[in-house]
Amino acid sequence: MRQILLITLTFGLFACNQQTDNTKILQNRIDSLEIKLADTYKPGFGDFMSSIQAHHSKLWFAGQNENWKLADFEVVEIMEYFEAIQKFQSERKETQVIGMIIPPLDSVNIAIQQKNPALFKSSYISLTNACNKCHQAVEFGFNVVKIPDSSPFSNQDFRPVE
Ligand code: HEC
């Protein structure tokens, strides 16, 4: 009887040790994954903004050319970049006021769906004003956005393909 007890006890201890070993291995893996994650490249707020700037410009020329398919594509790109900021730059305080850009973006989107050049122009102006309002609110007011005069993308044709 005592022998059986002893065997059970020894086996129990062994199993317990085995478990501590496994926990250690797992902890080491978590540690090294955390180090890898901290080193992974993540675009900065300014990187996203530069991309938004390009799409903001293209959106204008798409609208001016009544190329509604392209305009739709560009406005969705802008929306996706703002969503990416919310996801990847959640710790920046500026991200908290990002909601202010949603209503003007929605208005531009409505103008595009209605294929309405006048509404497109007025909602694009409101959008641009909202970009600047946010810059002022978050103390980046020296970054002034405006309606582009000419496309910096000479390698892209903004006319509709029909
Ligand atoms: C949530 C507030 C917010 C909104 C909305 C916003 N921006 Fe910005 N923007 C910023 C911040 C913050 C920076 C500075 C980023 C940094 O730290 O590098 C910036 C920087 C910029 C820059 C300078 C980038 C550079 O490196 O030269 C441009 C251009 C820009 N934004 C364009 C736009 C456009 C166009 C819109 C509207 C479609 C817009 N932004 C909407 C907050 C905002």
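In what order do the elements of the protein run from the N terminus on? They run α-α-α-α-α. The model is predicted, so local features need pLDDT of at least 70 and side-chain atom pairs count only at pLDDT 80 or more, while totals for chains, interfaces and linings use all residues. Residues are numbered from 1 along each chain as its sequence is written, and side-chain values use heavy atoms, with hydrogens and water left out.

**Figure 1. Overall form of the protein.** The protein has 5 helices and 0 strands; helices (H or I, at least four residues) and strands (E, at least two) are DSSP runs, numbered from the N terminus. Its radius of gyration is 27 Å, well over the 15 Å that the globule rule gives for 162 residues, so the protein is more spread out than a compact globule. The radius is taken over C-alpha atoms, and the rule is 2.2 Å times the number of residues to the power 0.38. Along the principal axes, the C-alpha atoms fill a box of roughly 95 × 40 × 30 Å. Of the 162 residues, 28% count as buried (under 20% relative accessible area; exposed is over 50%, partly exposed in between; 1.4 Å probe, protein chains only).

**Figure 2. The iron atom of the ligand.** M49 (SD) and H135 (NE2) are the protein donors of the iron atom, lying 2.0 to 2.3 Å from it. Donors are N, O and S atoms within 2.8 Å of the metal (3.2 Å for Na, K and Ca); water is not among the atoms, so sites may look incomplete. The pair links distant parts of the chain, with M49 in helix α2 (residues 45–64) and H135 in helix α5 (residues 117–137), 86 residues apart. The arrangement is octahedral because the 6 donor atoms around the iron atom subtend angles of 83 to 179 degrees. Six donors count as octahedral if opposite donors are over 155 degrees apart and all others between 65 and 115. M49 counts as partly exposed at 26% relative accessibility, whereas H135 is buried, with a relative accessible area of 14%.

**Figure 3. Surroundings of S123.** S123 is found in helix α5 and is buried, with a relative accessible area of 5%. A polar atom of the S123 side chain lies 2.7 Å from the backbone oxygen of L119. Not counting residues up to four places away in sequence, S123 touches P104, S107, V108 and A111, where contact means heavy atoms within 4.5 Å.

Note on methods:
Four donors count as tetrahedral if all angles lie between 85 and 135 degrees; four count as square planar and six as octahedral if opposite donors are over 155 degrees apart and all others between 65 and 115; anything else is irregular. A polar contact is a pair of N or O atoms within 3.5 Å; within protein, one must be able to donate a hydrogen and the other to accept it, and residues adjacent in sequence count only if both atoms are side-chain atoms.
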